[in-house]
Each structure stands twice: as C-alpha cells, then as structure tokens.
Amino acid sequence: MYAQMVKAEGAKSREEMTEQERAFQDRIDRGEKIEPKEWMPEGYRKTLIRQIGQHAHSEIVGQLPEGNWITRAPTLERKAILLAKVQDEAGHGLYLYSAAETLGVSRDELLALLHNGKMKYSSIFNYPTLNWADIGTVGWLVDGAAIMNQVQLQKTSYGPYSRAMIRICKEESFHQRQGYDILLKMCLQGTPAQKEMAQDAMNRFWYPSLMMFGPSDKDSVHSAQSMQWKIKINTNDELRQKFVDQTVPQAEYLGLTIPDPNLKWNEEKGGYDFSEPDWDEFFQVIAGNGPCNAERMEARVSAWEDGAWFREGLMAHARKQEARRAAARMAAE
Amino acid sequence: MASADPAVDRTAYFDWLCRLGDNCLVLGHRVSEWCGHSPVLEEDIALANTALDLIGQTQFWLGLAGEVEGKGRTADALAYLRDAAQFRNVLLVERPNGDFGMTLMRQFLFDAWHIEMLRALQRSSDPRVAEIAAKAVKEVAYHLERSADLVIRLGDGTDESHARMQKALTSLWPYTGEMFMADAVDQAVVAAGIAPDPASLRAAWGQTGAEGMGAGTLSRPEGHFQHRGGKTGRHTEALGFILADMQFLQRAYPGGTW
C-alpha cells in the first residue's frame, strides 16, 4: 500500500453516465479486468495513475529508511537479506512504473511530479529508522500493513496493476517474515538491551503504521468512487481493523507492549478496540512536515540531478552507435 | 568439510583467504552505500545485486579462513571483530565512492582482476577453494559484463561523461598495481598449488582493461607509481570509517543475538 488519500475523479451516478461509461461500469461489476488499450473513462485513468504512481514512488523512497542500515547490519546474513529486500523494493518500483506507463504516463514524467512535490509517497517513509530493531519493525508492521492492502489489490480492476500486485505480494510476505524474524531473535534470544531496542521501535512505529491505511472512512472523501471502479476493494477502516487484529497476538508472542492503553478485545465485534492515531500528525506529515520529509526528498532529487550526466552519457552513446550503424549500412549499400 | 588442509603454512593461508574475503566485504560495503541514491532505478537494482553477490562471497571466503585458522572464529567474527590493521583487502576497494563514474571505474578495474583470479582458482589444489571460485566466477562474469559495458558507454558518451570516466581512471590507476604484487603470503599459497601467482593475472587483466579503455576512448594514465599496503594491513584512512559503520552493533552490543 502505500497509496493514501488518492484523489478520485468523476464520481457519477448511473443516471449521469453516458452509455459508454455504463458499459464500462458493467464490465467492472462483472469482475472483468480492464486492459491497457481498451476504452476507459478519463477519471478512471487519472485516478489509477495517481494511485499506481504514488505506490511506485513509495517503493523507491522506501529504499532510503532501510538502506540506512545496510552498512550497519549486525551480521553478514542480515546484511545479505536486507540487501535482497531493498533490491526487491526497487524491483517493485520498476513493475509499478511500467504498469503506469500502460496508462500513457512515462516514468520520467512521474518522477518529475515526485520531485516537484506534486505527487506523494506513503507517509510512513517520512519516519526515521533509528536502531536496528526498526528494520525488523518496518518489515513486520510496515510491510504487514502494506500487504493487508495489497492482497485485496490483487483483485483490482486494472489488469497490469493487478498482475503487478500478485508478484509484489509474494515478495512482501517474505519481507514481513524476515522483519518478524529479526524481532524474534532480538526479543526471545537477545539481551535486555536488544529487547529495549525492539520496544522502542514498536513505540515509534505503531501509530505511523496505523496511519498507512489512510484517514477514517468518514473522512475519506475519495474512497467511494475508487471502490465503485474496484481500484480499491476494502475501506481504510476495515483494513486497519484487520491489521490490528492480526498484529496484537504477534506482539504478545514477542513480549512487546503495544503503546495503546485503550487496546482491548471486544467480544461483541470479534476484534480489538484501539485508539486512533493522531490525525493531525498524519496531515502534517502529508503536508511535508514529518521528521524526514526534507531529507527523503533531497536524497531523491540529488540522486536524480547528480545522475543526469550518467543518463545523458548513455543516451549520447546510444545515438553515436545508431549513427555508426547507419553509416555502416550506407557504406555497405 | 573437505579432507585435511593442504601442505601450506596455516598463517599464510589464513591471511590469503582474508585477502579474498576482505576484498569482497569492503567492496560490497562500498557498493551498498549507493542504495537508493543511484542515477536510475535499474542501477539501484544492479548495485544491490552486486553488493549481495559480494557479501555472499565474503561469507564463503571468511568462513573458510576461520576453518583454516582453526580457532573457532566464524565469518561474522572475522568481519565484525577485527580492527583495520587485521584487514587484508587491497586499497583499491576501500577508495571512497566519489561520483557514479568513480564507483563504476573502481568496479571495472576490480572485476577485471577478480574474474581472472577466480578462473585460476577453479583449478586450486584445495577443493574447497575451487568450489567457492566455481560459484563466484559466474556472478563476477556478470559484474564485469556490466561494469565494462558502462565504462565503454560513458567513456564514449558526452564530453562530460568522458571527462568523468577519464578522471576516475587516472585517480584509481595507482591503486591497481597492488593486486599483482606478490609477497611471502602469496608465495606460500602459490607453492602449495592453491592459488596462481598474482603477477600471472596481469596480462589478461591488462587486455580486458585495454579493450574497455579503447572502446571507451579512455587513455591509460602515465606514471608508474603504485600504492601498496592493504594486503598487509596498512590501509588508508577510509577503512577505519567503513569499519566504524559496519561493526557498530557488534561492538556496542557484545553478546547479542541477531
């Protein structure tokens, strides 16, 4: 997941739709997949570009907080696993930018929108990774929350997005397990100092992880249209509840305390009651005022700008090679 | 576990295995510093992949070093609990990343040596060495294919990319000679048939390098001075910082389980 507050275009009732739009909605309602060259309402296309683009940006910005610990990973095995994981995230970015390209927007265009602040990435990556247990916690909670959303997106109506999600979900569940494994080692076999590190990570990442699902349904203005188009399948609150219910027993097994005094099993609803995250903080982070927004953007923009000579050099070489081939063809004729 | 160790001075053999392992570890560390910061997404993936291969090779070489040493030290103990003076990597691999051109040139100069070393090691008298080399050589063939290709394309790209690659080559050239210099440690493993004479790799390395430079329109730097010291534990200032980073958790939380 990694798509929050994606603005949906063009909510229309059935009566307001043109015949073509109605036929399109009927296909979605029958569970058919929409493929790249087929007709689609402009609003559907734009909403998807926003959602897939935001998701792709989240994957590449998401390399930064985890990459932060690669050089400091505590064993060679952990280092290798983390490298493989971060490499997977970059690969997810690649699939998703490719899926977005099928909607008529290039990767360079999307990156330009990220760099000038017009497109966002998930709020979670604006939080810092301060100790090694954060790497475990990011895998367990952050990837766990992402999977919760992505599993449903495997059934999303747009074919290329759905297929990208199927692949991504397989890798993400490995990521989540490796995160939990880091914490199992630290909490069940580690020293008291290691366990303290893990609790500290839990304290900092719990609420930001809950925020990943986006604002409460009552404040989520764009959900209805996205759900009608099956770009989104479950509501934010449904997914958040599912995530909490799944995570609480895992935390108990680790012996970690979830930093919420109101967390309590509710027999009647068959799920936990829990405190809402601080939505003011969420909107501040979205607005650019999170702890790491400036650093994350600076890192991405510098990578792009410092690498301009590299990309231009490769393009220039390709043009030279093309000219040489053309000259050789002429000479041969 | 293979049979008895070959007839070779155990200390020299241990040192020589650390040279192989430390080259991979330190270069893998340097390459991984780029994660999320490279000029294009495909390069982020390629760099992570290269670093991953090198860390995997480190586990094999240092694992074998610990076995040969016979004091119960694991690959992790060697990676995380030795200080700079005990590291045996060549100075080339600890050179700072610089711009992306410097990183690629360092990779190319190393890969061109690494592949020749691994090819020769497949015929090692110690089957454990031959097995590791047989696995690693496949990975390093990809590393060289990528680094050579990019050095050529950037050398023959724009004026700026050419200038950057030439600058990188000139700056790294004095750190290449150490890979071919032999000392008593090398002589011991050569005599035991474990490894090739480092000097014997120079011709093939020079050929690969000349092809890359030629196609990339780069000139081989003049001057014959070559730095040395890494193979015997005398490093540049850079290594201390690499280790401070790499070893932080193991040093700050002794006895932890990770």
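This is a predicted model: local features need pLDDT of at least 70, side-chain atom pairs count only at pLDDT 80 or more; totals for chains, interfaces and linings use all residues.
Chain A contains 13 helices and two strands. Along the principal axes, the C-alpha atoms of chain A fill a box of roughly 80 × 60 × 35 Å. Of the 333 residues in chain A, 56% are buried. When contacts in chain A between residues at least 6 apart in sequence are considered, 79% of them join residues at least 24 apart. The accessible surface of chain A amounts to about 14,200 Å², and carbon and sulfur atoms account for 53% of this area. Chain A carries 41 positive and 47 negative side chains, and the centres of these two sets are 6 Å apart.

Chain B, by contrast in its composition, has 11 helices and zero strands. Its radius of gyration is 18 Å, close to the 18 Å that the globule rule gives for 258 residues, so chain B is as compact as a globular protein of that length. The C-alpha trace of chain B spans about 55 × 40 × 30 Å along its principal axes. Among contacts in chain B between residues at least 6 apart in sequence, the share joining residues at least 24 apart is 82%. An accessible surface of about 10,100 Å² was computed for chain B, with 55% belonging to carbon and sulfur atoms. The 24 positive and 33 negative charges of chain B have mean positions that lie 4 Å apart.

In helix α8 of chain B (residues 184–191), the buried residues are B:V185, B:D186 and B:V189. These residues cover an arc of only 95° around the axis, which puts them on the same side of α8(B). On the other side of α8(B), the residues B:A184, B:Q187 and B:A191 are exposed. The cover over the buried residues of α8(B) includes helix α1 (10–32) of chain B.

Helix α10 of chain B (residues 237–246) has B:A238, B:L239, B:I242, B:L243 and B:M246 as buried residues. Their arc around the axis is only 130°, which places them on the same side of α10(B). The exposed residues B:E237 and B:F241 are carried by the face of α10(B) turned away from its buried side. The buried residues of α10(B) pack against elements of both chains, namely α4 (76–101) of chain A and α1, α3 (75–81), α4 (91–94) and α11 (248–252) of chain B.

Backbone angles were also examined. Most residues other than glycine have a negative phi. A positive phi, near 55°, is found at A:K230, a residue other than glycine. A:K230 lies in the loop between α9 (223–228) and α10 (236–254) of chain A, and its relative accessibility of 27% means that A:K230 counts as partly exposed. In chain B, the phi of B:T217 is likewise positive, near 55°, in a residue other than glycine. The loop between α9 (202–215) and α10 of chain B holds B:T217. With a relative accessibility of 43%, B:T217 counts as partly exposed.

Conventions
Residues are numbered from 1 along each chain as its sequence is written. Chains are lettered from A and ligands numbered from 1 in the order in which they are written. Side-chain values use heavy atoms; hydrogens and water are left out. Helices (H or I, at least four residues) and strands (E, at least two) are DSSP runs, numbered from the N terminus. Buried means under 20% relative accessible area, exposed over 50%, partly exposed in between (1.4 Å probe, protein chains only). Contact means heavy atoms within 4.5 Å. Accessible areas come from the Shrake-Rupley method with a 1.4 Å probe; for residues, only the protein chains shown count as cover. Lys and Arg count as positive and Asp and Glu as negative; His and the chain ends are not counted. The place of a charge is taken as NZ of Lys, CZ of Arg, CG of Asp or CD of Glu. The arc is that of the directions from the helix axis to the C-beta atoms. The radius of gyration is taken over C-alpha atoms; the globule rule is 2.2 Å times the number of residues to the power 0.38.
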